[in-house]
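Here are some notes for anyone opening this structure for the first time. Have a look around, then follow the points below.

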Amino acid sequence: MKFAVVLGVIVFCAMSSLAVVPASNLGVQNSIAVALPPAPAPTLAQDLNEIMLMVNFKQIEKLMNRYLLNDAEFQTFVRIINSRDAYLTFMRFRTQPEVIAFVPWVQTQIRATRGKFKWAKFKNEMSLFNESPFWANTVFGWQGFISEFMLYHPTDMISAHVNMKVAENGIFAQFWQRLTALKPVYDRVVASPEAQRLAATLQLNGIDVNQLDTFVRNQFGWQVPHVNSTGIEGGALY
């Protein structure tokens with residue numbers, strides 16, 4: 001950016017110098033065409049930060065605290081995702097060879113451009129008491145949580161932005177291609193015994209597992225193909 005500004009000043013001064021020369025000495029009218037250097041391509045860190053800024057993490061944190069204090073169904077969900085089966089499922093995914101190769105690639109791309117990217121971290125500072133006496137009347141079970149969560153997580157806007165960045169065919173397109181290539185890994189993991197037990201427990205406690213699975217797949221480009229009229233492709237995992 002500084003280079004572009006300096007170049008612009010130089011061009012302006014040069015054209016000003018030409019303007020004070022009498023036309024008779026110039027002979028013919030001169031025209032100078034200066035091509036400014038193109039703006040540098042966005043880095044992966046910048047692309048990812050753009051997406052993160054679309055999500056209202058502050059409100060999501062307040063939402064989770066409110067539901068964790070007052071909603072029994074959400075409390076059950078939190079207990080289940082902190083269970084042994086949930087931990088084993090997470091570790092199985094994290095230790096897959098494709099994931100092990102993907103993470104360093106992302107880190108390398110960010111470091112190569114001296115970029116900075118941080119996943120949003122919640123403060124984890126939770127009070128044992130409601131901030132408002134009306135909080136207890138503002139929770140409506142798991143579906144209530146999901147409905148309000150979507151207000152702070154604009155899925156359609158994020159999806160449109162991702163499609164736009166992929167179409168630019170820059171570093172983000174490479175990132176997205178590598179990320180979507182992890183779909184077989186996700187499929188293997190959710191088919192594992194511990195993941196199936198986890199899904200069954202969630203479903204038993206009123207959590208719509210197919211809805212949760214669809215949300216995860218949509219975020220990372222791991223969608224299941226739609227079932228056609230012959231029923232050959234697609235189908236729910238659970």
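Predicted model: local features only at pLDDT ≥ 70, side-chain atom pairs only at ≥ 80, totals over all residues.

1. One term before anything else: a residue counts as buried when its relative accessible area is under 20%, as exposed when that area is over 50%, and as partly exposed in between.

2. Mean pLDDT for the protein chain is 82, and 74% of the residues reach at least 70. Which elements mark the two ends of the range? Helix α12 (residues 193-204) has the highest mean pLDDT, 98, while helix α1 (residues 2-19) has the lowest, 32.

3. Two stretches call for a careful reading. Residues 1-28 have pLDDT below 50, and the model gives this stretch 7 contacts beyond near neighbours in sequence. The other stretch is residues 227-238, where pLDDT stays under 50 and the model has 24 contacts beyond four places in sequence.

4. Now to the charged pairs. Side chains of opposite charge can pair when their charged atoms come close. With a cut-off of 4 Å between a side-chain nitrogen of Lys or Arg and a carboxyl oxygen of Asp or Glu, the count is 9 salt bridges.

5. Asp213 and Arg217 form a salt bridge, with an N to O distance of 3.0 Å. They sit 4 residues apart in helix α13, about one turn of the helix.

6. Arg188 pairs with Glu98, their closest N and O atoms lying 3.2 Å apart. This links helix α11 (residues 183-190) to helix α7 (residues 97-112) across 90 residues of chain. Arg188 is partly exposed, with a relative accessible area of 40%, and Glu98 is partly exposed as well, at 34%.

7. Stay with α11 and look at its packing. Helix α6 (residues 84-94) packs on α11 at an angle of about 150°, the axes being 10 Å apart. Angles over 145 degrees count as roughly antiparallel, so that is how α6 and α11 run relative to each other. Their crossing is right-handed. Thr89, Arg92 and Phe93 make the contact from the α6 side, and Val185, Tyr186 and Val189 from the α11 side.

8. Last, a residue in helix α10 (residues 171-180): Leu179. What does Leu179 touch, leaving aside residues up to four places away in sequence? The answer is Phe102, Phe220 and Trp222. Leu179 counts as buried because its relative accessibility is 8%. Its C-alpha atom is 9.0 Å from that of Val99, a residue 80 places away along the chain.

Note on methods:
Residues numbered from 1 in each chain as written. Heavy atoms only, no water. Helix = DSSP H or I, 4+ residues; strand = E, 2+ residues; numbered from the N terminus. Buried < 20%, exposed > 50% of the residue type's maximum accessible area, 1.4 Å probe, protein only. Contact = heavy atoms within 4.5 Å. pLDDT = per-residue confidence, 0-100. Axes fitted to C-alpha atoms, helices over the stretch in contact; angles between N-to-C directions. Parallel < 35°, antiparallel > 145°, perpendicular 65-115°, else oblique. Left-handed = near helix turned anticlockwise from the far one by under 90°.
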